[in-house]
Amino acid sequence: MRSLGPEEAELWSRVTATIRPLSRDAPEKPAATRQLQAEPTVAAAPRGRTPAPRAPVAVKQRSRTHADATLDAAWDRRLRSGTVQPDRTIDLHGRNLDQAWQAIDDGLDRAIGAGDRLLLLITGHARAGAPPVQRGKIRAAVHDWLAASRHSGRIAAVRGAHQRHGGGGSLYIVLRRAR
């Protein structure tokens, strides 16, 4: 890695002066002022027989997430109006990220085993006033967790909950019927 020239360093310092940090922690020194020097690395020549390069493997990706999944009009109408009663509730209050993930996985296990169709997942509302990087970590991770879950194929849709079930601090998880 090369160091910045005097003109580049001056330009970089003007750019970094316009950046507003996401958290209230003290910002790090800009990379331009540290003048990092990296040792050049020399790749060692391969020994023996080297395998031929492999062709890239095509990975099948889902085009939609559970949040985008389509339900029939009756389900969506009932969820929006709050007239449906959840079969099971999973409350994540007071848990850290690992405990929350385990609670979601265990709750999905029990719900699928019992044949439940609608879960209410209570993630909690974001605390006002805290920096954005310090609040809503569980809520931000829920959709990724559900997409990566071993139960992902059994989840038909994820929707925001009605106000009577927690509103912005809760989600409905609609499970597919058992086959």
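Residues are numbered from 1 along each chain as its sequence is written. Because this is a predicted model, local features need pLDDT of at least 70 and side-chain atom pairs count only at pLDDT 80 or more, while totals for chains, interfaces and linings use all residues; side-chain values use heavy atoms, with hydrogens and water left out.

**The overall layout**

The protein has five helices and four strands, where helices (H or I, at least four residues) and strands (E, at least two) are DSSP runs numbered from the N terminus. Along the sequence they follow the pattern α-α-α-β-α-β-α-β-β. The mean pLDDT is 77, and 65% of the residues score at least 70; pLDDT is the predictor's confidence in each residue, from 0 to 100. Confidence is lowest in helix H2 (residues 31-34), with a mean of 52, and highest in H4, at 91.

Of the 179 residues, 29% are buried. Here buried means under 20% relative accessible area, exposed means over 50%, and partly exposed is in between (1.4 Å probe, protein chains only).

**The cores**

A nonpolar core is a set of buried Ala, Val, Leu, Ile, Met, Phe, Trp, Tyr and Cys residues joined through side-chain atoms within 4.5 Å. The largest one here has 19 residues, and those touching the most other members include Leu 92, Ile 104 and Ile 173. Helix H4 (97-114), strand S2 (118-122), helix H5 (137-148), strand S3 (155-160) and strand S4 (170-175) each give two or more residues to this core. Another core, of 12 residues, lies apart from it, with Trp 75 and Leu 118 among its members.

Which residues does Leu 92 contact, leaving aside neighbours within four places in sequence? Among them are Ala 100, Ile 104, Leu 121 and Thr 123, with contact meaning heavy atoms within 4.5 Å.

**Helix H4**

The 18 residues of H4 should span 26 Å at 1.5 Å a residue, and its end C-alpha atoms are 26 Å apart, which agrees. That expected span is 1.5 Å times one less than the number of residues. Buried residues of H4 include Ala 100, Asp 105 and Gly 107, and the buried residues of this helix pack against strand S1 (88-91), S2, H5, S3 and S4. After H4 comes Gly 115, whose phi is positive, near 80°.

**Polar contacts**

A polar contact is a pair of N or O atoms within 3.5 Å; within protein, one must be able to donate a hydrogen and the other to accept it, and residues adjacent in sequence count only if both atoms are side-chain atoms. Here are some examples.

| From | To | Distance |
|---|---|---|
| Thr 123 side chain | Arg 139 side chain | 3.3 Å |
| His 151 side chain | Asp 109 side chain | 3.1 Å |
| Thr 18 side chain | Val 15 backbone oxygen | 2.6 Å |

Thr 123 lies in the loop between S2 and H5, and counts as buried because its relative accessibility is 10%. His 151 is in the loop between H5 and S3. Is His 151 buried or exposed? His 151 counts as buried, at 8% relative accessibility. Besides Asp 109, His 151 touches Asp 105, Leu 108 and Ile 112, not counting residues up to four places away in sequence. Thr 18, in the loop between helix H1 (6-17) and H2, is exposed, with a relative accessible area of 66%.
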